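Here's a quick briefing to read with the model open beside you. Take it one topic at a time, and find each residue as it comes up.

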Amino acid sequence: MARIHPYVAAACAVVLVLAAPTVAVDPDMLQDVCVADRASPIKINGFPCKANVTADDFFFAGLRNPGNTNNPAGSVVTAANVESFPGVNTLGVSIARIDFAPGGQNPPHTHPRATEIIFVLEGTLEVGFITTANKLFSKTITKGDVFVFPRAHVHFQQNRGYVPATIISAFNSQLQGTQAIAMTLFGATPPVSTDILAKAFKISNAKVDAIKGRFTPK
């Protein structure tokens with residue numbers, strides 16, 4: 001079977017996002033380019049424009065190689081958003097590579113500012129999202145498949161194979177934002193009150209404290 005080159009897959013993912021008949025979440029740009037000046041002390045909704053722009057500002061090589069999946073989740077996200085790739089500032093797009101160890105998981109999370117579309121480079125994964133009516137839409141996908149997660153919906157990906165898996169994710173935002181559900185609730189700073197979580201999850205305070213102990217605040 002022909003091997004799908006990572007660059008081709010990444011390009012396809014971006015095209016899919018750009019071709020979608022929806023308005024990007026981010027505001028429209030008011031000039032040709034506005035490369036993010038991450039060093040500027042000015043704080044705005046987004047990032048101010050850099051003065052001296054070069055071709056390198058529109059280039060990112062960080063998705064070439066697999067990331068290190070040696071962690072409890074067994075997955076790693078390598079993001080090419082405005083925080084690491086300033087050329088996408090004001091363009092309303094970003095992209096990421098997600099690598100999974102066998103059995104690895106990208107835990108349930110949301111992207112409050114973007115729809116996400118994924119393309120499978122290698123492996124077999126179970127993916128899905130949950131609507132506000134608590135309906136699960138889930139699918140097992142494999143090399144060459146595409147799946148989309150609506151903006152702000154809780155979703156997940158898990159490698160169901162016995163070999164590593166890799167997907168390319170594209171977003172209609174320069175900075176999609178990510179809230180991992182478990183970390184958000186049990187690893188917040190300052191912490192959410194134990195009794196609030198105990199009542200919400202219908203478990204004891206002691207169990208909540210035990211769960212909190214597994215999530216170190218960022």
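In total that gives four helices and ten strands. Keep in mind that this is a predicted model.

**The chain as a whole**

- The protein chain has 218 residues, and buried ones make up 38% of them.
- Take the contacts between residues at least 6 apart in sequence: 70% of these join residues at least 24 apart.

**The largest pocket**

- The largest pocket holds about 660 Å³ of space.
- It is lined by 23 residues, and the closest to its centre are Ala-73, Ser-75, Asn-106, Pro-107 and Ala-180.
- Which elements each supply at least two residues of this lining? They are the strands β1 (75–80), β2 (94–100) and β3 (105–110), plus the helix α2 (181–186).
- Strand β1 gives the largest share of the lining, with four residues.
- Sorted by type, the lining of the largest pocket has 13 nonpolar residues, eight polar ones and two charged ones.

**The second largest pocket**

- This one has a volume of about 440 Å³.
- Its lining counts 21 residues, and Pro-27, Asn-45, Gly-46, Phe-47 and Gln-174 are the closest to the centre.
- The lining of the second largest pocket splits into eleven nonpolar, seven polar and three charged residues.

**The residues listed as a binding site**

- An unreviewed UniProt entry lists His-109, His-111, Glu-116 and His-155 under "binding site".
- These residues are spread over 47 residues of sequence, yet they cluster in space, with a largest C-alpha distance of 11.8 Å.
- Which of this set belong to the lining of the largest pocket? His-109, His-111 and Glu-116 do.

**A look at His-109**

- You'll find His-109 in strand β3.
- Is His-109 buried or exposed? His-109 counts as buried because its relative accessibility is 3%, and buried means under 20%.
- Beyond its neighbours within four places in sequence, His-109 is in contact with several residues, including Glu-116, His-153, His-155, Thr-178 and Ala-180.
- A polar atom of the His-109 side chain lies 2.6 Å from the backbone oxygen of Pro-107.

**A look at His-155**

- His-155 sits in strand β8, which covers residues 154–159.
- With a relative accessibility of 1%, His-155 counts as buried too.
- Setting aside residues up to four places away in sequence, His-155 touches a list of residues; among them are Pro-107, His-109, His-111, Glu-116 and Phe-129.
- The side chains of His-155 and His-111 make a polar contact at 3.4 Å.

**Val-77, on strand β1**

- Val-77 has its place in strand β1.
- At 45% relative accessibility, Val-77 is partly exposed, because that label covers values between 20% and 50%.
- Val-77 and Ile-98 are 21 residues apart along the chain, but 4.5 Å separates their C-alpha atoms.
- Apart from neighbours within four places in sequence, Val-77 is in contact with Ala-96, Arg-97, Ile-98 and Asn-106.

**Thr-194, on helix α3**

- Thr-194 belongs to helix α3, which runs over residues 194–201.
- Thr-194 is buried, since its relative accessible area is 18% and the buried label applies under 20%.
- What joins the side chains of Thr-194 and Lys-212? A polar contact of 3.1 Å does.
- Leaving out residues up to four places away in sequence, Thr-194 touches Asn-205, Val-208, Asp-209 and Lys-212.

**Tyr-162, in a loop**

- Tyr-162 is in the loop between β8 and β9 (165–171).
- Is Tyr-162 buried or exposed? Tyr-162 counts as exposed because its relative accessibility is 83%, and exposed means over 50%.
- Tyr-162 and Gly-103 are 59 residues apart in sequence, while their C-alpha atoms are 7.0 Å apart in space.

How values were computed: Residues numbered from 1 in each chain as written. Predicted model: local features only at pLDDT ≥ 70, side-chain atom pairs only at ≥ 80, totals over all residues. Heavy atoms only, no water. 1 Å grid on protein atoms, 1.4 Å probe; cavity = no way out; pocket = protein on both sides within 12 Å on 5 of 7 lines; lining within 4 Å. Points joined across faces, edges and corners; volume = space filled by probe spheres on them. Nonpolar A, V, L, I, M, F, W, Y, C, P; charged D, E, K, R; others polar. UniProt positions renumbered as here; feature names shortened; annotations may be inferred. Buried < 20%, exposed > 50% of the residue type's maximum accessible area, 1.4 Å probe, protein only. Contact = heavy atoms within 4.5 Å. Polar contact = N/O pair within 3.5 Å; in protein donor to acceptor, adjacent residues only side chain to side chain.
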